[in-house]
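Take a look at the model below. We will walk through two of its contact surfaces, one step at a time.

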Amino acid sequence: MKVTIKVRGFPDVEAALGGNRFMLEVEGSTFGDVLAEMDRQFGEDNRKALMVQVLLNSKYWVKVDALSTPVQDGNTLSFSNMVAGG
Amino acid sequence: MKGVWNKIARVDLTSGNCTIETLEEKVLEQFIGGAGLGAYILYKEVPKGVMSADPENRIIFATGPFNGIRQTGAAKWSIVSKSPSLEANATSCITNSWGYELKNAGVDALVVQGKAVQPVMIVIDDDAIRMEPATEIWGKDSYETDDLLKEQFGKDFEIACIGPAGEKQLKYAAVVTGKCSFAGRGGMGGVMGSKNLKAVVVRGSQKCPVANPEKLDELNKEINMKIYNTDKAKPANFNIRAHGTSIATGLFKGYGNMPLKNWQLGEFDSGIENLGAPNYGIQLNAKPKPCKFCTLGCKNHAEVIDDKYGFVGEGPEYESFAMMGLNLMVDDMKAVAYGGHIANTYGIDTISLGACLAWAFESYEKGVLTRENTGGLVLEWGNAEAMVELTKKVANREVGLGYLLGEGVRTAAKYYGKGSEAWAVEIKNMEVPAHDPRASFVAGLNYLTGASCGPNHEKGNPQHMFVAHILLPEFGISDDIDFEKERHSWEHASRYTAAFQNYSNLVDSLVHCKFMVFSGYTLTDMLNTFNAVTGLDWNFETFEKAGERIFTVQKLLNLRYGITVADETKFPERLMQAKAEGPYAGVAPVGIEDAVLDYYRHRGWDETGMPLQEKINEMDLQELV
């Protein structure tokens with residue numbers, strides 16, 4: 001399946017990934033399969049740094065340990081680092 | 001509706017009457033608690049013509065269904081009153097354990113009216129409410145007051161008090177609790193001062209029943225761990241537990257979001273480096289000091305060893321060190337923290353204070369102020385000592401410049417004149433906080449249209465879509481947009497601003513902590529928790545509608561108290577000037593006045609900002625309005 005990956009708020013990791021938005025070709029059909037492919041392509045350390053807040057199709061929150069969450073061809077996974085001050 | 005008592009305590013400081021009243025059940029079903037309950041009470045009880053310092057003004061200390069539920073972020077509570085700076089309704093949120101004790105005392109809120117003939121405190125010990133003299137502690141700073149009252153009543157009591165700034169009715173005086181949390185915006189401390197009310201001392205032992213305690217326990221376990229683990233997993237220098245809100249500096253740098261030299265500059269390398277992570281924690285010897293139940297731990301305790309700027313107390317938040325440090329080109333972390341410490345002990349909003357100091361520094365540079373006005377202080381950009389000494393003059397309400405700055409930047413600029421109004425950065429007579437509308441236009445739209453507390457960033461925070469990556473997909477705010485295009489566009493700004501304002505009202509009414517969203521707390525978590533506590537089985541539509549309903553009442557209050565479309569389209573001149581360097585140089589929020597009118601249409605209001613009857617009906621406000 002082909003999955004779009006979006007990354008926001010991780011300047012160092014985005015540099016390592018070569019950008020903040022790209023397509024990923026994945027064998028499998030789960031969130032865990034996507035993470036495994038990201039480990040393979042970008043290294044586990046870079047992928048782990050993104051495991052903060054994850055959104056599926058800009059609509060549904062994905063728990064970072066819910067590896068069996070189904071992901072389909074054409075889906076988007078957004079990894080966001082939400083940070084601020086007050 | 002469970003999770004609430006449907007009771008309020010009322011103290012009339014004029015007559016001395018202390019009573020408990022029952023609320024009709026539908027009130028909290030409509031207005032939830034906290035900010036919403038406060039807006040409802042103001043709407044019912046404080047008519048047009050009552051000024052903030054009049055005895056007829058109410059000050060409402062309000063909890064919500066989330067107080068006491070042992071969830072991270074559920075220590076917050078809200079204060080609502082007519083604000084001395086806005087002379088309109090304002091909500092200010094505050095945390096630590098005071099709200100928990102009030103809720104455990106068996107009431108949802110305390111409403112205070114009237115004026116005592118001499119300084120008093122209110123003591124609430126479960127069902128027993130009384131007034132006691134406070135003449136001996138009048139004049140004490142907020143930290144001393146807290147210590148003395150805990151010694152007098154016991155460490156299991158919590159204290160909400162004012163320092164000398166509130167006693168002297170400085171326009172942006174704060175209410176202080178636990179020597180670590182401050183209801184700064186809106187000048188609530190001055191309202192207490194106008195009533196001769198020094199402190200409210202509270203202890204409670206009752207637990208408010210919730211609808212589904214097993215479900216709530218399950219949610220709390222999951223959420224509390226998620227918040228802790230998410231923050232722990234953040235990249236270096238972005239962990240809020242380790243660095244407090246100094247994490248913001250590194251993030252905002254790239255977005256041009258910070259106030260530099262009274263909003264003139266786009267770059268300040270030494271300031272951004274020094275007033276950020278990790279230098280903050282190192283310089284201030286900062287250790288996390290979480291609020292009750294909190295697993296995030298953004299607040300910190302500082303112990304600074306320094307001959308000139310040594311202190312022990314609460315470390316400054318981003319807003320404080322941005323407004324009192326970056327905005328004055330002061331890059332000395334210890335000095336900025338010390339200035340903030342003075343403000344904390346006197347009980348002063350550091351945002352408004354920083355804005356007034358910056359105006360003074362620029363006025364000195366431009367010859368509007370001289371050393372004669374400043375009492376010999378050299379108000380040169382970057383002069384940390386001058387910043388600290390001028391803070392003392394404001395805190396002590398020293399006759400002359402110190403006093404006038406305590407009246408707010410608009411008043412000071414009007415008095416000294418010579419064109420200095422051009423760099424007085426305020427809206428509706430309240431100073432603008434540390435998020436630059438030139439970095440994201442929605443920040444400016446929120447400042448102009450905010451009905452909860454004037455130009456208050458966190459009563460909304462729509463700029464966080466763009467500078468902090470916050471998303472509210474449950475309310476239709478997600479990442480399926482072109483952020484770079486939208487940050488400087490008016491096309492959808494009304495929708496974004498309104499959604500965040502509605503969300504903010506929910507948080508301020510439940511009452512919960514907006515920082516939880518930075519570590520993975522979602523609207524889904526919030527709604528699930530709300531339903532488990534109250535048993536009401538709401539969906540996202542009803543949830544957002546409640547936030548909008550509360551905003552509608554806040555807007556009606558704004559209109560009642562005289563805020564007009566002219567006030568809401570008068571944007572600070574300084575913020576309409578594009579910066580010459582740094583991120584988004586050359587950008588200014590041109591067209592913001594039209595954007596306000598578009599916002600009114602989006603909200604279902606007429607061209608004066610009055611909610612149309614259709615909107616009143618949609619919000620189920622026919623009976624109230």
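This is a predicted model: local features need pLDDT of at least 70, side-chain atom pairs count only at pLDDT 80 or more; totals for chains, interfaces and linings use all residues.

Residues are numbered from 1 along each chain as its sequence is written, chains are lettered from A and ligands numbered from 1 in the order in which they are written, and side-chain values use heavy atoms, with hydrogens and water left out.

Start where chain A meets chain B. Contact here means heavy atoms within 4.5 Å. Chain A brings 21 residues to it, and chain B brings 37 residues. Together they bury about 2,200 Å². Buried area is the accessible area (1.4 Å probe) that two parts lose on being put together, summed over both. Carbon and sulfur atoms give 57% of that area.

Now look for charges. Chain A and chain B share 2 salt bridges. The term requires a side-chain nitrogen of Lys or Arg within 4 Å of a carboxyl oxygen of Asp or Glu. Find Lys63(A) and Glu222(B): their side chains form a salt bridge, at 3.1 Å from N to O.

Which strands of chain A each supply at least two residues of its side that touches chain B? They are β1 (2-8), β3 (53-56) and β5 (76-80). Strands are DSSP runs of E, at least two residues long, and helices are runs of H or I, at least four; both are numbered from the N terminus. By class, this side of chain A has 9 nonpolar, 8 polar and 4 charged residues. Ala, Val, Leu, Ile, Met, Phe, Trp, Tyr, Cys and Pro count as nonpolar, Asp, Glu, Lys and Arg as charged, and the others, Gly among them, as polar.

Next, turn to chain B itself. Its domains are domain 1 (7-203), domain 2 (239-422) and domain 3 (441-618). These bounds come from an automatic or database domain assignment. The centres of domain 2 and domain 3 of chain B, taken over C-alpha atoms, lie 27 Å apart. In their contact, domain 2 of chain B gives 25 residues and domain 3 of chain B gives 18 residues.

The area buried between these two domains of chain B is about 1,800 Å², with 60% from carbon and sulfur atoms. Tyr255(B), Leu296(B) and Ala422(B) supply 32% of the area that domain 2 of chain B buries against domain 3 of chain B, more than any other three residues.

One salt bridge is counted between domain 2 and domain 3 of chain B. Glu362(B) also pairs with Arg574(B) in a salt bridge, with the closest N and O atoms 2.7 Å apart.
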